[in-house]
Amino acid sequence: MKIDYLFVSKEALKYPITQNIIKERKYEISTLDQIREKLNSGKIEKSRALLISTFPGNFIKDCPCTPGYVSCGYKNINFAYNCPLNCSYCILQEYLTYPILTLFVNINKLKNEITDYKKSHEYIRIGTGELTDSLIWEKLYPFSQWFINLFQQFKDIIFEFKTKTDFIENFPELNKNENIIVSFSLNPEQLKREELYSVTPQKRIEAMKKLIKMGYAVGIHFDPLIEHENWEQNYKTLIKNIFDSISPKKIAWISLGSLRFTKDLRWQIKDNHPHSILLKGELIEGFDKKYRYPFLLREKLYGEIIRFLKEYGAEDLPIYFCMESEEMWKRFLKVEPETEKINKYLYDSAKKALKAKI
Amino acid sequence: MEIQKIPINLIKEADTRLSLNYNPENLIESIKKFGIINPVKLTTNGKEGFLLFSGFRRFSIGKNFLNDIPAIVFEESLSPCEMILLNVKENLAVRKLSLYEKINIIRKAEIFQCDLRKYSFIKSILNNEKLKNMAKRDYPEIINIYLDTGELDKKSALSLRFFNNKELEFVSKTFGNIHFTRSEKQILIDLLLRIKEKEKEIKIFLEKENKKEILESLKKEVFPFTAKLENKFQTLNKKIKMGKLKHSPFFESPQLILEIVFED
């Protein structure tokens, strides 16, 4: 992550994380409106600018899922917005509230927020990878250590980092790990140009292998699944490679989600990624008005991927769908498509993977 | 202020025009038939002759067959920013601004360095991120016409920017030859765009004889998997004579509406 323009809000200046990041770096005290004006006048480049700020509201949010499809009951901690990995399918391309990379440093209030949240929620599965990649910030500050320290105080909450990088150098070895998992989004290497600045799938698999040795359980997200030439063979090879390197016992969960995106994102893809293959696919309009593959095509995709997972991994892998219809759940998965049941199933599967010895 | 008759040859256009320099047929017909009912707005700006700052279309149509034009003349000197403001106010009194005009407000405000944010109706335009992005682009003439006339919805009009000039010509020719409703145009442009995304020529589809053939052939190409299933389904449907089936395989829907017709 190359930062040429570092902006700090007045409120963020006093926080130790800010002080740590700005030392030996040039920065400017700035408001969001001032940054917007600079962006509009072309004085700064969006992808190379970072704002360090404070977040006024609660950090913990329900994962929004999408109307008309089944939710898995996941929760998010949005401690940062945006991502420099520049994936063609990424929804953050049309995210305008914070137009540049933004980091919220008042995360010290999270401890109290979690304590309160726990009073009214159980079987919490939570992570930091919705509006950013969880690990892209590691070169600026060891947030992984910070979150691990925090969540080791809440062992009944499953905490997940989600990434397409291999930035695991700040992760401590854990002798006893009851709740920290690190997940990797994966697609075949043939789709690498859709994930421009992510590390190769093989590097992500190697990072998974290392983390398991260091005491972590891992998650895998095949999301978005993209139909492309030779997709069966390419996903088969990817899945085989994964299970050649890691034990299925240490997998907390595996999500499958086929390509979907909003109508507005289509224009961003055309403008920002003119060579992307995403728009070549057969995309219809879903219940939620987003583009997605037709049901029977998605069924074909999932059917094959699940077959490969069972063939190379194990029969009883904790698989679930992201933003998929009830009908699809019923066709492939044992767990009933009800949010509470799914959440409990995945919570238990993560606990089982964390306990598993290899 | 009273309405005066001003000779056409004494009027020059100010460079604050917001609307596109394009005259719709219906306005031409109306002016030919009824003349100019709503007077244009002029300023003397202390010089000889008059400067037109509102009513550009009426003026450009009228000058083809009128010697003088009804006008309200502002005797005081107006800055370009004031002319833009008065033009917007006058138009807003009778109609909504077109997308093209909104984009042009942003452009002109920048050119003439106008601070128009104190006027709430203009502020919302100047602060609109999407409009600001559009203002930075140069669109082909035909897109500007669609943005100005509203003949196409905004998204369809803007998506035409992904077509080259030749393709734009095919599209507008098709719209000229075959009657498509506004929503059919929207569907057609979307399908054509998907054909382009598949790196295929759009021309062969637009050469079909009628609307139905054009749309059917495009759907087959864009949704091959779905079209194959649909064909299979319709063949089966014919055999069992189930009657009309209201559905579209091109949208995911939680419902399928079956309409079974009982004869006698």
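How many of the nine residues of strand E11 (residues 217-225) of chain A are buried? I looked this up first. The model is a predicted one. Nine of the nine are buried, so I note E11 of chain A as largely enclosed by the rest of the structure.

**Entry: around E11 of chain A**

Next I checked what pairs with E11. Strand E10 (residues 180-185) of chain A runs parallel to E11(A), and five bridges join the two. I picked out one pair: A:Val182 has A:Val218 in E11(A) as its bridge partner.

Then I looked at the peptide bonds. Most peptide bonds are trans, and most residues other than glycine have a negative phi. I found a cis peptide bond between A:Asp223 and A:Pro224, with omega at about 5°. A:Pro224 lies in strand E11 of chain A.

I followed the chain on to A:Asn230. This residue sits in the loop between E11 and helix H6 (231-245) of chain A. A:Asn230 is not a glycine, yet its phi is positive, near 60°.

**Entry: strand E7 of chain A**

I then looked up the partners. Strand E3 (residues 49-53) of chain A is joined to E7(A) by four bridges, and the two run parallel. Strand E6 (residues 80-81) of chain A is joined to E7(A) by two bridges, and that pair is antiparallel. A:Thr102 turns up in both pairings. A:Leu51 stands opposite A:Thr102, and A:Tyr81 has A:Thr102 as its bridge partner.

**Entry: an open sheet in chain A**

I traced a sheet of three strands. It is open, its order is E13-E15-E14 (chain A), and the pairing is antiparallel. Strand E13 (260-261) and strand E14 (284-285) of chain A stand at the edges. Each has a single partner strand, so one side of each is left without a neighbour in the sheet. E14(A) is joined to strand E15 (residues 291-292) of chain A by two bridges. I noted the pair of A:Ile284 with A:Arg292, which is in E15(A).

**Entry: chain A as a whole**

I stepped back and took the overall values. Chain A has ten helices and 16 strands. The C-alpha trace of chain A spans about 55 × 45 × 35 Å along its principal axes.

I checked burial too: 58% of the 358 residues of chain A count as buried. Of the contacts in chain A with a separation of 6 or more, 76% are between residues 24 or more positions apart. The accessible surface of chain A is about 15600 Å², and carbon and sulfur atoms hold 48% of it. I also located the charges. Chain A has 55 positive and 47 negative charges, with mean positions 4 Å apart.

**Entry: chain B as a whole**

I repeated the list for chain B. Its secondary structure comes to 13 helices and seven strands. Why do I call chain B more spread out than a compact globule? The globule rule gives 18 Å for 264 residues, but the radius of gyration of chain B is 25 Å, well over that. The C-alpha trace of chain B spans about 80 × 40 × 40 Å along its principal axes.

Of the 264 residues of chain B, 45% count as buried. I looked at contacts in chain B between residues at least 6 apart in sequence, and 68% of them join residues at least 24 apart. The accessible surface of chain B is about 15800 Å², with 51% belonging to carbon and sulfur atoms. Chain B carries 47 positive and 37 negative side chains, and the centres of the two sets lie 4 Å apart.

Is B:Thr174 buried or exposed? I found a relative accessible area of 7%, under the 20% cut-off, so B:Thr174 is buried. B:Thr174 is in helix H9 (residues 165-177) of chain B. Leaving out residues up to four places away in sequence, B:Thr174 touches B:Phe180, B:Leu206 and B:Ile214.

I ended with B:Glu199. This residue is in the loop between helix H10 (182-197) and helix H11 (203-206) of chain B. B:Glu199 is exposed, with a relative accessible area of 63%. Phi of B:Glu199 is positive, about 60°, although B:Glu199 is not a glycine.

Terms used:
Residues are numbered from 1 along each chain as its sequence is written. Chains are lettered from A and ligands numbered from 1 in the order in which they are written. This is a predicted model: local features need pLDDT of at least 70, side-chain atom pairs count only at pLDDT 80 or more; totals for chains, interfaces and linings use all residues. Side-chain values use heavy atoms; hydrogens and water are left out. Two strands pair if DSSP finds at least two bridges between them. The radius of gyration is taken over C-alpha atoms; the globule rule is 2.2 Å times the number of residues to the power 0.38. Buried means under 20% relative accessible area, exposed over 50%, partly exposed in between (1.4 Å probe, protein chains only). Contact means heavy atoms within 4.5 Å. Accessible areas come from the Shrake-Rupley method with a 1.4 Å probe; for residues, only the protein chains shown count as cover. Lys and Arg count as positive and Asp and Glu as negative; His and the chain ends are not counted. The place of a charge is taken as NZ of Lys, CZ of Arg, CG of Asp or CD of Glu.
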